[in-house]
Amino acid sequence: MQSRRDVQRKQNRINGIKIFRRVILTILAVILVLWISFAIANHPRSQARHEAYAMAKKYAHVNNPNGFYVYNREKTYYTVTGKNRHGQQVLAMIPEKGGNISVIKQSKGITSQQALSTVRNKENPRRILRSAPGYFNSKVVWEVTYINKKGALCYDLTNFKTGQFVQQIDNL
């Protein structure tokens, strides 16, 4: 015959296992919901990247796409970087709403790293968020987005060919 203590210990053990299972199932359910939410939220960007890669390969002859940028100003552009069939590094700038794809040789201007370096040296930001090539006033620019020392959002447009600042938007 079991004592009352033994019965209580067994029930406590069973209750502990049930609670442990519930906690694990809850954690797994939260992780699954977060993962699904993230996948749904990223689907438009992922789809745009997939389509831009296909267009860059087909129309701009980019053999090895290795970068993807989104630029939003007057119009939205998707830019794919990679090497063309001659082995030259190029930027294929694709308008979101359709139109001609612009193919720009990287050797004709500054790189993303050079644009970032220019902003770092001049503005000394707290954190750089991203850079993206695009068109501003019919000229190719690098848009560098960063957080300044005051914690405000800032945008700097740097001319692709010259590396000079075209426009600065500070403290948003």
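1. Basis of the model. The structure is a predicted model, in which local features need pLDDT of at least 70 and side-chain atom pairs count only at pLDDT 80 or more, while totals for chains, interfaces and linings use all residues. Residues are numbered from 1 along each chain as its sequence is written, and side-chain values use heavy atoms, with hydrogens and water left out.

2. The sheet. Strands (DSSP runs E of at least two residues, numbered from the N terminus) pair if DSSP finds at least two bridges between them. Strands of a sheet pair through backbone hydrogen bonds, either parallel or antiparallel.

3. Strand pairs and turns. E1 and E2 pair over 8 bridges in the antiparallel sense and form a hairpin with 3 residues between them. Asparagine 72 stands opposite threonine 76 in E2, and phenylalanine 68 has valine 80 of E2 as its bridge partner. E2 and E3 pair over 7 bridges, also antiparallel, with tyrosine 78 opposite isoleucine 94 in E3. Their hairpin has 5 residues between the strands, and glycine 87 in the turn has a positive phi of about 80°.

4. Strand E2 and threonine 79. Buried means under 20% relative accessible area, exposed over 50%, and partly exposed in between (1.4 Å probe, protein chains only). E2 is largely enclosed by the rest of the structure, because 7 of its 8 residues are buried. Threonine 79 lies in this strand (residues 76–83) and is buried, at 0% relative accessibility. Leaving aside neighbours within four places in sequence, threonine 79 is in contact (heavy atoms within 4.5 Å) with residues including Phe68, Leu91 and Pro133.

5. Helices are DSSP runs H or I of at least four residues. Valine 23 belongs to H1 (residues 4–59) and is partly exposed, with a relative accessible area of 42%.
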